[in-house]
Amino acid sequence: MASKPGFLSDWPWKPLGSFKYIILAPWITETIHSVMVKDAKEWDYSNLVIVPFMFWRMLHNQIWISLSRYRTAKGANRIVDKGIEFDQVDRERNWDDQILFNGILFCLGNKYLPGASHLPIWRTDGVIITMLLHAGPVEFLYYWLHRALHHHYLYSRYHSHHHSSIATEPITSVIHPFAEHIAYFLLFAIPMSTIALTGTGSIIAFAGYVTYIDLMNNMGHCNFELIPNWVFSVFPPLKYLMYTPSFHSLHHTQFRTNYSLFMPIYDYMYGTVDKSSDTLYENSLKREEESPNVVHLTHLTTPESIYHLHFGFASLASKPYSSAWYMWLLWPVTLWSMVLTWIYGRTFVAERNRFDKITLQTWVIPKYKVQYHSKRQRESIKNLIEEAVLEADGKGAGVLSLGLMNQASFLRIISRDRVV
């Protein structure tokens, strides 16, 4: 929470805990009823896509979370060399609150805002209007709102909650008190309400705009630099139209610079660009993968164990041996991950921890528990372990710990000059 929580800091459904999504029941029930009683020609597809779009936003965010944690564990292009504390994980675990909030507002807008229902799939004029209104009023107003939130009165009551995270993750972008989200939605509603009221709205315009906001928010808080230098060399003005993760990272470490939403042009106009923005960007791109002092080599257990990894779901990773009833819903993703690990077939970094000056990485062999009992898999597993040992040795790891099934049979592979 903020240092001095202000009015409307908590989300209204906080007392519901894990049952918060029940507040969508009236809209879902009404939608199902309309599908059942109306002819297909009368269906409002702009209403039907709201809940699936919420699931898409969750998946989109989770992809960024997993990618960011994987890249941060490897160390390549890392911006802030600082670990994620447990209190930050707890503070940011309810990142889906803003998706639920937006979903409710979309349902209300679809029902009561003129021009927001029975939308076509695409309208070019609405897309252009959305782009212009975002680049103009939204970015401009956000810049000054953001500066206002750094005034000591508002900062201590609201915005300090967001800045509690110095080493940011993608979902840090949406960790704000409820009152802040109301203000942000009013800004982002400018293009959306305009195209609805002018009759130029479309499903692609609404979904595309929100997806763009999610994409830029996640990218700006991912804590590794991923925008290559050649992009700005090919089109130099892009420097003023698109920020980078390192640009926004400075806002979380310096606090009084780089206030812009996604377009740094307003920081350049009003003299609030951090002087080290370009230097940090160049240095982040040059940062190579980290060389660990200690490597812990382990493997997957069950197909669902992929979700318990550090870059999986936080709610499951905190309970590594538990299972939930909804896991069967994820079987398409689980099957895809099994196929991916089968094809990729290479040890990957799953986690990084630092103890004083000692860096420990956890490396995972993409083989499941049942495969360790198969004679046909034995040679493949042995080769993966040997490759991992040689790679750890090449990176200068002085200690290798083994957390594998039947480790005695593989002891000779790692028995060289290291501690087990």
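Which exposed residues does the face of α17 turned away from its buried side carry? I looked this up in a predicted model, where local features need pLDDT of at least 70, side-chain atom pairs count only at pLDDT 80 or more, and totals for chains, interfaces and linings use all residues. Residues are numbered from 1 along each chain as its sequence is written, and side-chain values use heavy atoms, with hydrogens and water left out.

Entry 1, helix α17. I found R376 and G394 on that face. I took exposed as over 50% relative accessible area, and buried as under 20% (1.4 Å probe, protein chains only). Helices are DSSP runs of H or I, at least four residues, and strands are runs of E, at least two, numbered from the N terminus. I listed the buried residues of α17 as Q377, I381, L384, I385, A388, V389 and A392. They share one side of the helix because their arc around the axis (directions from the axis to the C-beta atoms) is only 135°. Their cover includes β1, α16, β3 and β4. After α17 I noted G396, with a positive phi near 90°.

Entry 2, strand β4. β4 pairs with β1 in the parallel sense over 5 bridges; pairing requires at least two DSSP bridges. In this pairing H296 stands opposite S401.

Note on methods
Contact means heavy atoms within 4.5 Å.
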